[in-house]
Each structure stands twice: as C-alpha cells, then as structure tokens.
Amino acid sequence: MFINYGLNQIDLKIVYYGPGFSGKTTNLEWAHAHIDPGLRSDILNLKTKEDRTIFFDFMQFEVGKIKGLTPKFNLYTVPGQDIYTVSRKIILNGVDGIIYVADSGAPRMRDNLFTLIDLVKNLRANKHQVEEFPIIFQYNKRDLPDAVPLPVLRKTLNRFSAPEFEACAAKGEGVFECLKTAIELVVQRVTKLV
Amino acid sequence: MTELLPDGTKPISLSREQFSAIEQSLKNFYRKTKCGVVMLSDESGLAVAQSGRLDAAKMALLSTLAAGNYAATAQMANLVSEATGFDKQYHEGRENSIYITGVLQTFFLVIVFGKESTFAMIRVLAEKLIEELRTALELGGADASGTPASEIRMHLEQQDFQEELSSRLDSILGSKGNV
C-alpha cells in the first residue's frame with residue numbers, strides 16, 4: 001500500500017499465489033483480456049522458453065476517481081515452482097492481499113498444501129498477522145474429472161475461514177469474483193491501517 | 001516521522017509537500033540532463049513520481065520491471081557476500097541506457113537516457129538528486145498543510161465510497177456469489 005496525498009491516489013498490491021500450473025497466470029490473462037483497455041496497463045509476462053513463469057506477471061488497473069480518491073490495483077503472480085522461493089519472497093514485498101489459486105486435481109493436493117505453508121511462512125516473516133490478512137481461496141480447475149471434493153479442499157487449505165470460490169480460470173469462471181472480493185477485503189484493511 | 005506499514009519497513013504515504021518537492025527535483029534533473037525518463041520507485045515496484053517521455057501505463061511497467069531487477073540483483077549481491085547490495089546498476093545499450101540507484105532503503109531511481117546525455121553527467125547529477133529526494137522523503141508522511149491520513153481514512157470509511165467502489169467493480173468485473 002502506498003498513499004500519495006499529492007495525487008490523492010492509493011496504490012494497492014494483490015498477489016496470486018499457489019503451486020506451479022494451478023492457473024495464476026491464466027487468472028491474470030483472463031482479467032487482462034476482459035477489462036476495458038482504457039482502465040488497465042499491458043500485461044507483463046516474464047516466462048521461460050517452456051512458457052513457465054520465471055519471475056512474475058504483472059498488470060495494473062484502476063476504477064477511476066471515487067469521492068476524490070483514485071485507487072489503483074497492482075496485480076502480480078508468483079512463480080509456482082519450488083526453486084523460485086526467493087522470487088516469491090521478493091514479490092510479496094508490500095503485498096496488501098492474496099488470491100491463493102489451488103489446483104483441484106487430486107494429485108496436486110500435496111503441492112497445494114506445501115505452497116500454502118510457504119505462503120504463511122513468508123507472510124509471517126514480513127510480520128503480517130496471517131489470520132487477519134486478506135486472503136481469498138480459489139479452487140481452480142473444478143472441471144477436472146479427478147477434482148477433489150470441495151469439503152476436502154476447504155478442510156485441507158482454508159484454515160482461516162477465508163472467502164473461497166470455485167473456478168475454471170481457463171473459461172473465466174470465478175476469476176472476477178475472486179478479484180472483486182480480494183479488492184474489497186484489501187480496501188477494508190487499508191481503512192483500518194491509515 | 002514517516003508513517004510505516006505494520007512490518008515496519010516501508011513508508012505508508014507521501015504528503016503533498018513531499019510529492020511536490022520530489023516532482024520538482026525530478027523535473028529539474030530531466031531538464032538539465034535531457035534524459036528520457038527519471039522515475040522514483042519504491043521497492044515493491046510502485047512508480048512514486050516521474051518525469052519524462054513515457055505514458056503512465058508504460059511508467060508502471062518500467063517501474064515494476066526495475067523493482068524486480070533491483071531486488072534480484074540485491075539477492076545476487078547477498079549470495080556473493082557483497083555488502084553494497086549492488087546499489088548502483090548500469091545497463092548500456094546502443095541507443096538507450098538505464099541507470100538504477102538506491103535512495104534510502106526502500107526507494108530507488110530509474111534513469112533512462114540516450115545519446116543526448118553522458119553517463120558521467122547522469123551519475124554526477126543523480127547524486128545531487130538523491131540528496132534532494134532523501135531530504136524530501138525524510139520530511140514525514142503526514143501533510144503539513146493539514147491533510148493527514150485521517151482525511152484519506154474519512155473518505156475510505158464513507159459507506160458511499162465502499163458502495164461506489166463495489167458498483168464500479170461490478171460494472172468492470174461482473175458479480176457472482178462465492179461458494
């Protein structure tokens with residue numbers, strides 16, 4: 001979060017977190033493709049030759065001036081692969097809210113859990129109270145034939161009773177609902193902090 | 001004192017006075033050096049203030065990339081036990097070059113310059129600019145003209161602010177319930 005009184009502008013940072021291949025970049029790409037180009041920046045993709053996120057993806061969007069204030073939302077993804085632990089820590093710098101993108105596929109439950117532990121560790125290292133921090137859970141790829149039942153995902157991952165959504169990000173289902181809820185939670189938190 | 005985030009590492013706000021002083025310093029630097037872009041960014045990638053020939057959207061992208069680069073290079077410095085954190089970086093190109101240098105602990109400058117400027121001049125004048133920016137940033141986050149955080153809080157707490165935000169998001173993003 002950063003408030004510029006000179007411009008009456010508030011910049012907020014929301015990060016898509018989750019294991020590799022869970023659909024973080026797909027979320028951002030869908031949002032980029034469906035938000036009015038006049039309200040958003042280009043999308044930045046820092047990818048390997050194999051189309052894997054190597055550092056982060058980024059897009060900024062705004063909703064115009066409200067009651068004299070201009071909120072701007074900076075959306076990032078983290079690289080999900082285990083080897084990019086340091087990159088994830090760097091991207092969490094200054095984060096205001098998290099959308100945790102879990103892969104509903106049965107074989108990915110271990111990865112979902114380990115990446116969540118990694119997130120909690122990183123947030124705590126930055127002195128955030130995880131239980132009070134804006135986190136949204138998105139259970140992505142609900143159309144997979146081996147998708148884990150929702151109650152199992154909820155019990156395994158959402159230990160904070162955070163807002164949660166089912167999604168098929170590749171089809172755009174659940175993408176905007178998660179983003180909107182994340183923004184609303186982030187603004188509520190900012191209101192308490194300033 | 002500047003207000004800090006709960007983790008104690010990053011200023012939460014910039015007053016009108018600070019912003020005005022920073023903008024003026026950047027404009028002076030831009031005019032003197034004939035550089036393409038001079039931008040003050042924070043470590044999370046936010047473009048705080050800038051002067052130059054790039055639109056706001058491209059400035060945001062440049063700032064984000066520079067922050068990633070700056071942070072990654074600091075990690076490299078850490079790996080090879082370099083105490084400076086490679087605080088100054090120079091990327092030399094045929095037509096344009098980029099100079100990145102730290103300002104206090106949580107900000108850095110990004111200067112893009114072409115053949116109209118020399119690296120030596122950029123580097124010397126950047127040191128003077130850094131001093132001016134340090135002075136401005138250390139002024140404090142509350143606005144001396146009477147616009148402290150409470151005014152922003154007052155806006156945010158208004159029910160119609162939250163409702164208006166929700167309504168704008170619905171129109172931009174659409175709305176459905178959660179599970």
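Predicted model: local features only at pLDDT ≥ 70, side-chain atom pairs only at ≥ 80, totals over all residues.
**Reading a helix pair and a chain interface**

Visitor: What area is buried between the two chains?

Guide: The size of an interface is often stated as the accessible area lost when the parts come together. Here about 5,000 Å² is buried between chain B and chain A, and carbon and sulfur atoms give 70% of that.

Visitor: How many salt bridges and polar contacts cross it?

Guide: There are 2 salt bridges across the interface. In one salt bridge, K67(A) meets D160(B) at 3.3 Å, N to O. Between the chains, 11 residue pairs are in polar contact.

Visitor: Now the helices: how do α1 and α3 of chain B lie relative to each other?

Guide: Two packed helices are described by the angle and the distance between their axes. For α1 (residues 16–33) and α3 (residues 119–137) of chain B, the axes come within 9 Å and cross at roughly 170°. Because angles over 145 degrees count as roughly antiparallel, α1(B) is roughly antiparallel to α3(B).

Visitor: Which residues make that contact?

Guide: Among them are I22(B), L26(B) and F29(B) of α1(B), with L125(B), L129(B) and L133(B) of α3(B). By class, this contact has 12 nonpolar, 3 polar and 3 charged residues.

Conventions
Residues numbered from 1 in each chain as written. Chains lettered and ligands numbered in written order. Heavy atoms only, no water. Axes fitted to C-alpha atoms, helices over the stretch in contact; angles between N-to-C directions. Helix = DSSP H or I, 4+ residues; strand = E, 2+ residues; numbered from the N terminus. Parallel < 35°, antiparallel > 145°, perpendicular 65-115°, else oblique. Contact = heavy atoms within 4.5 Å. Nonpolar A, V, L, I, M, F, W, Y, C, P; charged D, E, K, R; others polar. Buried area = accessible area lost by both parts, 1.4 Å probe. Salt bridge = Lys/Arg side-chain N within 4 Å of Asp/Glu carboxyl O. Polar contact = N/O pair within 3.5 Å; in protein donor to acceptor, adjacent residues only side chain to side chain.
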